[in-house]
Amino acid sequence: MGTNDNDLAESLYDKTYTCPFCKSKIKSKEIRKGKTVFVELDLGLRGKYEPIMPDYYFAIVCSECGYAGVAKNFEKLSAIQIKNIKEKIHPNYKPKVFPPVYDANVAIERYKLALYFAEIKSADFSEKAYIAQKIGLIYGDIGNIEEEQKFLKYAYSWDSDAYIEEDFPIFGIEEPQFLYNLAYLAYRIDKKDEAKRHISKVMTNRDISATLKEKVEDFMEILKE
Ligand SMILES: [Zn+2]
């Protein structure tokens, strides 16, 4: 017996957001507590869950105007960003209706809308990197390696820029975890030397959590191979 879309739909509820662009009250799907089970934390510190991956639901799209962003900072838009969107939004852009259950392809489509708005509103590098990384990893979930690599490369490049230009916490992430993720991205796109360079900086940081320390040690072993 497999899990069908009906069962999955019952695992979701509507969370209310205020769209920062058109000010409408909108609803977005989120997973009910206890409806998906934590399996493991992978090398990239991404939680694997069954049967639903929570991060398939972290891109929020306004049903009224189509503005899209990520749950982490969805309701935040500066006056300049609103102005940028008004000036740069494609004249034919229309909000799209999505099915209640988001599979990988729907999730990718929603994150791509978030990336489109991140571009036109001139979001920070770190915000674009976060979105690109989600898209890359979800492409990886469905075995599309070409697109996975393309988006993980964007994420690595943008996070490298963020490391130079932005102040910690960068998009809510403190330095050890940020560097760990940068190392992970480098590793995933086959830049092993850069991965080693970033991970060695995490090792020398005294404020790392026990969980992160353990992951760093595992990662160092993998990088030695
Ligand atoms: Zn809106």
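1. Ground rules. Residues are numbered from 1 along each chain as its sequence is written. The model is predicted, so local features need pLDDT of at least 70 and side-chain atom pairs count only at pLDDT 80 or more, while totals for chains, interfaces and linings use all residues. Helices (H or I, at least four residues) and strands (E, at least two) are DSSP runs, numbered from the N terminus.

2. Strand β1 (residues 12-18) and strand β2 (residues 25-31) run antiparallel and are joined by seven bridges. Strands pair if DSSP finds at least two bridges between them. T16 has K27 in β2 as its bridge partner. Six residues lie between the strands of this hairpin, and K23 has a positive phi near 70°.

3. Strand β3 (residues 37-41) is antiparallel to strand β4 (residues 47-50), with four bridges between them. E40 faces K48 of β4. Five residues separate β3 and β4 in the hairpin.

4. Which residue in the turn between β3 and β4 has a positive phi? L45 does, at about 65°. L45 is a residue other than glycine. Its C-beta has 13 neighbours inside 10 Å, so L45 counts as partly exposed.

5. α3 against α4. The axes of helix α3 (residues 104-120) and α4 come within 9 Å and cross at roughly 160°. That makes α3 roughly antiparallel to α4. Axes are lines fitted to C-alpha atoms, for helices over the stretch in contact, and angles run from 0 to 180 degrees between N-to-C directions. Angles under 35 degrees count as roughly parallel, over 145 as roughly antiparallel, 65 to 115 as roughly perpendicular and the rest as oblique. α3 passes α4 in a left-handed crossing. Left-handed means that the near helix is turned anticlockwise from the far one by less than a right angle; clockwise is right-handed.

6. Residues between α3 and α4. On the α3 side the contact includes A104, I108, Y111 and L115; on the α4 side it includes I131, I135, I138 and Y139. Residues are in contact if their C-beta atoms, placed from the backbone, lie within 7 Å. By class, this contact of α3 with α4 has 12 nonpolar, no polar and five charged residues. Nonpolar covers Ala, Val, Leu, Ile, Met, Phe, Trp, Tyr, Cys and Pro; charged covers Asp, Glu, Lys and Arg; the others, Gly among them, are polar.

7. The loop between α3 and α4. S122 is found in this loop. Phi of S122 is near 60°, a positive value in a residue other than glycine. S122 is partly exposed, because 13 other C-beta atoms lie within 10 Å.

8. α4 against α5. Helix α4 (residues 125-141) and helix α5 (residues 145-165) pack at about 155°, with axes 7 Å apart. The two are therefore roughly antiparallel. α4 passes α5 in a left-handed crossing. Among the residues that meet are A129, A132 and G136 of α4, and F151, A155 and W158 of α5. The contact of α4 with α5 has 11 nonpolar, four polar and six charged residues.

9. α6 against α8. How do the axes of α6 and helix α8 (residues 210-224) cross? They come within 11 Å and cross at roughly 25°. α6 and α8 are therefore roughly parallel. The crossing of α6 past α8 is left-handed. P176, Q177, Y180 and A183 of α6 meet L212, K215, V216 and F219 of α8. By class, the contact has six nonpolar, one polar and one charged residues.

10. Cis peptide bonds. One joins E50 and P51, with omega about -5°. P51 lies in the loop between β4 and β5 (59-61). Another joins F168 and P169, with omega about -5°. P169 sits in the loop between α5 and α6 (175-188).

11. D193. This residue lies in helix α7 (residues 192-203). D193 counts as exposed because it has 9 C-beta neighbours inside 10 Å. D193 and L223 are 30 residues apart in sequence, and their C-alpha atoms are 8.9 Å apart in space.

Note on methods:
Contact = placed C-beta atoms within 7 Å. Buried ≥ 20, exposed ≤ 12 C-beta atoms within 10 Å, placed from the backbone.
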